[in-house]
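Please read the following notes with the model open beside you. They are written as numbered points, and each point can be checked on its own.

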Amino acid sequence: MEPVKLRKLITEGAGGIDPVSVDAYMKNGGFAALKKAADMEPEDIIAEVKKAKLLGRGGAAYPAGNKWEHLLHIPERPKYIVCNADEGEPGTFKDRLIMEKLPMKLLEGIIIAGLVFKAEAAYIYVRGEYRGIQKRLIKAIENAGAAGFAGKNILGRGFDFDIHVISGAGAYVCGENSALLNSAEGKVGRPRIKPPHLAEAGLFLLPTLVNNVETFANIPALVGMGGEEYLAAGHPDSGGTKLICLSGHSRNRGVFEIPLGGITLREAIYDPELGGGIAGGKKLKFFHLGGQSGAIGAPDQLDTVYSYTDLKKAGLSVGSGAVVVMDESVSIIEYLKGVTGFFIHESCGKCVPCREGNRQVYNILRKLSVPGVAVAGDLDTLRRLIRTMSDASFCGLGQTATAALNSAWKHFRAEFEANVKPASAA
Ligand SMILES: Cc1cc2nc3c(=O)[nH]c(=O)nc-3n(C[C@H](O)[C@H](O)[C@H](O)COP(=O)(O)O)c2cc1C
Ligand code: SF4
């Protein structure tokens, strides 16, 4: 049987309906899962999320069911729900699609989470540049409230739950969940020391659930069909679908919903229904998965199945779902200069390995990009910087800033060495 290349658990109805209309959403089955959840015990909803093996879609792939269970068992109140809609990862634009085309689905997922934890309120922290989307979400919240799905006495069950939209501060690091909460509180958006976990001391140091937009948008389908069926739609280790963002030199670019474990990277890039191959008839040189903080893969890895487990085994990752495709004309050193330049710009400066390390990496890459300037010792320094930055940086930004560099070294070592001054000349 032909594998299923596209499966619409989340994006069904995207683009076909008025996104902020409750009626239109309900005609397509909207809010049925919320009604179902309102008659379930919180423990039973969480049991379904665990059965479904839903992994967080924001990049770190943490099991959503475990996170929810942890928060449920914390007695302190009030509890808050925070939706991470910062989407600062270059090459990633899938949360944008959900918020633009299916804001009601996101709200339904958030409200179900609110019900589970009897939460006080929810905050959606939306990337600052997504101004139009912020307005759309506010309209959707108003309409959902007017129809009795948000605000006071939801579904007549005596549950009050307001949803607020916060505009992001415009820094990539504000997508890191603890930096996000600092920023939402009006502080400088820098990461916090963990533990304590955000479930214990999150927003205003109160128990908080932070999940990504896509994670919440999975909840209506998951609750509607039940954990087992949801799991079966994906990979045995991670149920459901994943929104992947194809960009760069692939012929087709955009967001595609694929069943986890249902396609290979080759299909993602070459299948006519997905990437459609390389534009201009050129050859693939490499692909960069999961965002700037993810690893780079080479053509000999194209038969890897797109699942959390298989990609990890191959030294790659799902991350944010970004699939940046680069053709043979691209210099790996120039590409990495772009990646490192991004991290220099986005480092918050709190810790030395990231603040200084990225600059040092950039300087060496600059030397490597012209013939006869770098010496062999520069390559050794580069290797040491990779190790030090990933081991000693304070947060995920610095820890993963050299993931692309490290993986590129394995696949394209000859390009790193090509311009190095021979020992005799040095
Ligand atoms: C530097 C950095 C940036 C991040 N940016 C985002 C982001 O834009 N959106 C997001 O959902 N998660 C982002 N994350 C991951 C979050 O810290 C966190 O894991 C996520 O919001 C948890 O939600 P999930 O379990 O549903 O994935 C980022 C992490 C780091 C280290
Ligand atoms: S690793 Fe350090 S400097 Fe870099 S963003 Fe995190 S806290 Fe800031």
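1. The C-alpha centres of domain 2 and domain 3 lie 23 Å apart, and the contact between them takes 10 residues from domain 2 and 10 residues from domain 3. Two residues are said to be in contact here if their C-beta atoms, placed from the backbone, lie within 7 Å. On the side of domain 2 that touches domain 3, five residues are nonpolar, five are polar and none is charged. In this grouping Ala, Val, Leu, Ile, Met, Phe, Trp, Tyr, Cys and Pro count as nonpolar, Asp, Glu, Lys and Arg as charged, and the others, Gly among them, as polar.

2. Please keep in mind that this is a predicted model, in which local features need pLDDT of at least 70 and side-chain atom pairs count only at pLDDT 80 or more, whereas totals for chains, interfaces and linings use all residues. Residues are numbered from 1 along each chain as its sequence is written, while chains are lettered from A and ligands numbered from 1 in the order in which they are written.

3. The protein is divided into domain 1 (22-232), domain 2 (241-327) and domain 3 (332-417), with bounds that come from an automatic or database domain assignment.

4. Helices (H or I, at least four residues) and strands (E, at least two) are DSSP runs, numbered from the N terminus.

5. Ligand 2 is surrounded by 14 residues, and the closest are Cys348, Cys351, Cys354, Cys395 and Gly398. The shell around ligand 2 divides into eight nonpolar, four polar and two charged residues.

6. Strands of a sheet pair through backbone hydrogen bonds, either parallel or antiparallel. In this model five strands form an open sheet in the order S3-S4-S2-S1-S5, with mixed pairing, where two strands pair if DSSP finds at least two bridges between them. The edge strands are S3 (151-154) and S5, each of which pairs on one side only, and the twist averages 25° from one strand to the next. S3 and strand S4 (residues 159-167) pair in the antiparallel sense over two bridges, and Gly151 stands opposite Phe161 in S4.

7. Helix H7 (residues 131-146) packs on the sheet, touching strand S2 (121-126), S3 and S4, and its direction makes about 170° with that of S4. Helix H9 (residues 213-225) also packs on the sheet, touching strand S1 (80-85) and S5, and its direction makes about 95° with that of S5. For these values, axes are lines fitted to C-alpha atoms, for helices over the stretch in contact, and angles run from 0 to 180 degrees between N-to-C directions.

8. Not counting residues up to four places away in sequence, Ala119 touches Lys79, Tyr80, Ile81, Gly114 and Phe161.

9. Some backbone details also deserve a check. The peptide bond from Arg77 to Pro78 is cis, with omega near -5°, and Pro78 is placed in the loop between helix H4 (64-72) and S1. Another cis peptide bond joins Lys194 and Pro195, with omega about -5°. Phi of Ala61 is near 60°, a positive value in a residue other than glycine, and Ala61 counts as partly exposed, with 16 C-beta neighbours inside 10 Å.

Technical notes. A residue is near a molecule or strand if its C-beta atom, placed from the backbone, lies within 6 Å of it. A residue is buried if 20 or more other C-beta atoms lie within 10 Å of its own, exposed if 12 or fewer, and partly exposed in between; C-beta atoms are placed from the backbone.
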